[in-house]
Amino acid sequence: MFQQILWTLTNHATSLSTAVWAAEIPKLLATLITLLSEPITGTAQRFLAWDDHMPAPPAVATGGAPNQYLHTEDGKTLPLRFDSIHGVKGETHAATLLVETYIHPTHDLASLVPVLAGQKHGSELSANEMSHCLRAFVALTRASDLICVALFDEHVSSKEADGMVAAGWIVERLR
């Protein structure tokens with residue numbers, strides 16, 4: 001059900017309209033409520049609200065993959081490919097964005113923040129944390145030029161952010 005909702009919302013062959021959004025978002029919220037241990041907040045509902053000022057999504061190139069987004073600006077098109085870590089294993093890319101994911105019973109990258117901040121050694125990780133760490137390693141070693149890690153703000157304390165900066169990371173808090 002969840003994949004079907006996301007496909008409807010992200011498939012460029014389907015015109016995304018207020019009506020499609022209004023029909024799919026309640027299904028998405030109902031699905032998420034069954035998966036989450038916390039209620040959906042007003043902040044999440046505002047985040048998922050339809051925005052009349054969003055630009056129309058670009059067309060997918062002929063023969064383009066369904067997990068590819070074409071960003072066009074100033075007459076130049078940049079193909080962005082979205083895939084799983086396993087899907088890109090062995091490949092090299094100019095840039096990689098690793099996004100924190102909820103894998104029951106935890107967020108996969110939250111426990112790695114102290115490692116990224118240089119405050120914990122990888123040998124101190126539990127078996128489950130080490131599994132997350134190895135996947136992150138595979139993801140982050142795909143890029144030749146730029147790596148970015150997107151973490152939930154509440155999973156990075158000020159002290160950890162300072163440690164990450166000291167370790168060479170550029171930390172940007174987006175709210």
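## Contacts and overall make-up

Of the contacts in the protein with a separation of 6 or more, 51% are between residues 24 or more positions apart; a contact here means heavy atoms within 4.5 Å. This is a predicted model, in which local features need pLDDT of at least 70 and side-chain atom pairs count only at pLDDT 80 or more, while totals for chains, interfaces and linings use all residues. Residues are numbered from 1 along each chain as its sequence is written, and side-chain values use heavy atoms, leaving out hydrogens and water.

You will find 6 helices and 6 strands in the protein. These are DSSP runs numbered from the N terminus, with helices being H or I of at least four residues and strands E of at least two. Along the sequence they come in the pattern α-α-α-β-β-β-β-β-α-α-β-α.

## Surface and burial

The protein has an accessible surface of about 12200 Å², and carbon and sulfur atoms hold 60% of that; areas come from the Shrake-Rupley method with a 1.4 Å probe, and for residues only the protein chains shown count as cover. Among the 175 residues, 22% are buried. Buried stands for under 20% relative accessible area, exposed for over 50%, and partly exposed for what falls in between (1.4 Å probe, protein chains only).

On the surface, L78, L80 and F82 make up a nonpolar patch with about 280 Å² of accessible area together. Patch members have over 30% relative accessible area and no salt bridge; like charges are joined within 9 Å and nonpolar side chains (Val, Leu, Ile, Met, Phe, Trp, Tyr) within 5 Å. A salt bridge is a side-chain nitrogen of Lys or Arg within 4 Å of a carboxyl oxygen of Asp or Glu. L80 sits in strand β2 (residues 76–81) and counts as partly exposed because its relative accessibility is 32%.

## Helix α2

Helix α2 covers residues 18–35, 18 residues in total, and reaches 26 Å from its first C-alpha to its last, close to the expected 26 Å. That expected span is 1.5 Å times one less than the number of residues. The buried residues in α2 are W21, E24, I25, L28, L29 and T31.

## S111 and E129

S111 is found in the loop between β5 (106–107) and α4 (113–116). With a relative accessible area of 17%, S111 is buried. Leaving aside residues up to four places away in sequence, S111 touches L125 and E129.

E129 belongs to helix α5 (residues 127–140) and counts as buried because its relative accessibility is 19%.
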